[in-house]
Amino acid sequence: YQRRVRGCTMAQMTELMQELFVWSPFILMMTTAFLGAFFAPTRGTDMAWTSMEDAFSMILSPIFIGVIVITAVWLCWGMKVAPYMRVRSSSKLVERFCTIWHLTNAVWWSFGCDVLSGYFEAMPLMREHYKTIDSKHHHAEMRSGLDAVYLTELCLHVPLSLLCYVAYVQSWRRRYLLEMFICGIQIEGCIVYYLPELLDGGEHYPAGGIGLWWGVGFGIVWVIVPVWLLVHRMTDTKQE
């Protein structure tokens, strides 16, 4: 009996970890929204809460609500159309993860954060975080490199990521080819966005705190995930 209970517990833990993996892009999306709303933009090592007034200026803004609603609509469509999204099968873990990954990249990370907050400075509070993460946002003559990345995201990464999401939901045969092209955009975009400032000494980056570790350091995700996907696709014998 104890072995059966232990076996059930391990199976449940495994299933929980698998679901956390699948939904990790969405979880990180909501975590970023929470941090952006409730922690004050600061270039120091200290971390401070924002006022409730400032937090709700972001949460209740039409821009933020619109991005969340668009994400929810696309997600509900995908859950309805794609049967594999409703099946908790270990064989579909990567497929489900990639589906969520490409959706959140299109609607939240590139469009809601980088384009609307970094380039257009439209989302309340989040735009202040971008100015804190890299102070070149304050100087029109210094931000051309950042804006070039934002415009590339708007014109390439956003539409192609959304297209890849649709390709996954509808199980297009060539979806992995499109995905690899997007992975190249993500890796190169991350390098071009962060590396020049690092080579210059990082003086425009925060000294520490949420601005440095979450705002700057978190960017490495867009190198790790694409490289992992590239290796996975190249070594997956099921696709041969």
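Contact here means heavy atoms within 4.5 Å. This is a predicted model, in which local features need pLDDT of at least 70 and side-chain atom pairs count only at pLDDT 80 or more, while totals for chains, interfaces and linings use all residues. Residues are numbered from 1 along each chain as its sequence is written, and side-chain values use heavy atoms, with hydrogens and water left out.

**Stop 1: the core**

Select Leu-229. Leaving aside neighbours within four places in sequence, Leu-229 is in contact with Val-94, Cys-98, Trp-101, Glu-179, Met-180 and Cys-183. Leu-229 is among the residues with the most contacts inside the largest nonpolar core, as are Met-58, Trp-101, Trp-108, Tyr-193 and Trp-222. That core has 56 residues. A nonpolar core is a set of buried Ala, Val, Leu, Ile, Met, Phe, Trp, Tyr and Cys residues joined through side-chain atoms within 4.5 Å; buried means under 20% relative accessible area, exposed over 50%, and partly exposed in between (1.4 Å probe, protein chains only). Helix H5 gives the most to this core, with 13 residues. Helices (H or I, at least four residues) are DSSP runs, numbered from the N terminus.

**Stop 2: Leu-103 in H5**

Next select Leu-103, in helix H5. Leu-103 counts as buried, at 2% relative accessibility. Beyond four places in sequence, the contacts of Leu-103 are Thr-71, Trp-74, Leu-75, Trp-108, Leu-162 and Tyr-165.

**Stop 3: H5 against H6**

Show H5 and H6 together. Their axes (lines fitted to C-alpha atoms, for helices over the stretch in contact) are 8 Å apart, at an angle of about 80 degrees. Angles run from 0 to 180 degrees between N-to-C directions. H5 is therefore roughly perpendicular to H6, a label for angles of 65 to 115 degrees. From H5, select Trp-108, Cys-113, Asp-114, Ser-117 and Gly-118; they meet Met-126, Arg-127 and Tyr-130 in H6. The residues of this contact divide into four nonpolar, two polar and two charged. In this division Ala, Val, Leu, Ile, Met, Phe, Trp, Tyr, Cys and Pro count as nonpolar, Asp, Glu, Lys and Arg as charged, and the others, Gly among them, as polar.

**Stop 4: salt bridges**

A salt bridge is a side-chain nitrogen of Lys or Arg within 4 Å of a carboxyl oxygen of Asp or Glu. The structure holds 13 of them.

Select Arg-88 and Glu-19, whose closest N and O atoms are 3.9 Å apart. Arg-88 is in the loop between helix H4 (62-81) and helix H5 (93-119), and Glu-19 is in helix H1 (residues 2-22), 69 residues away. Arg-88 counts as exposed at 58% relative accessibility, whereas Glu-19 counts as buried at 12%.

Move to Arg-175 and Glu-95, which form a salt bridge of 3.1 Å, N to O. Arg-175 lies in helix H8 (residues 175-199) and Glu-95 in helix H5, so this pair ties together parts 80 residues apart in sequence. Both residues are buried.

In H6 (residues 126-133), pick Lys-131 and Glu-128, three residues apart and separated by about one helical turn. The closest N and O atoms of this salt bridge are 3.8 Å apart. Lys-131 is buried, at 18% relative accessible area, and Glu-128 is partly exposed, at 33%. Both belong to one network of salt bridges with shared partners, together with Glu-121, Arg-127, Arg-143 and Asp-147.

**Stop 5: Arg-143**

End on Arg-143, in the loop between H6 and helix H7 (144-169). Arg-143 counts as buried, at 9% relative accessibility. Beyond four places in sequence, Arg-143 is in contact with Gly-118, Tyr-119, Glu-121, Lys-136, His-137 and Tyr-150.

How values were computed. Helices (H or I, at least four residues) and strands (E, at least two) are DSSP runs, numbered from the N terminus. Angles under 35 degrees count as roughly parallel, over 145 as roughly antiparallel, 65 to 115 as roughly perpendicular and the rest as oblique.
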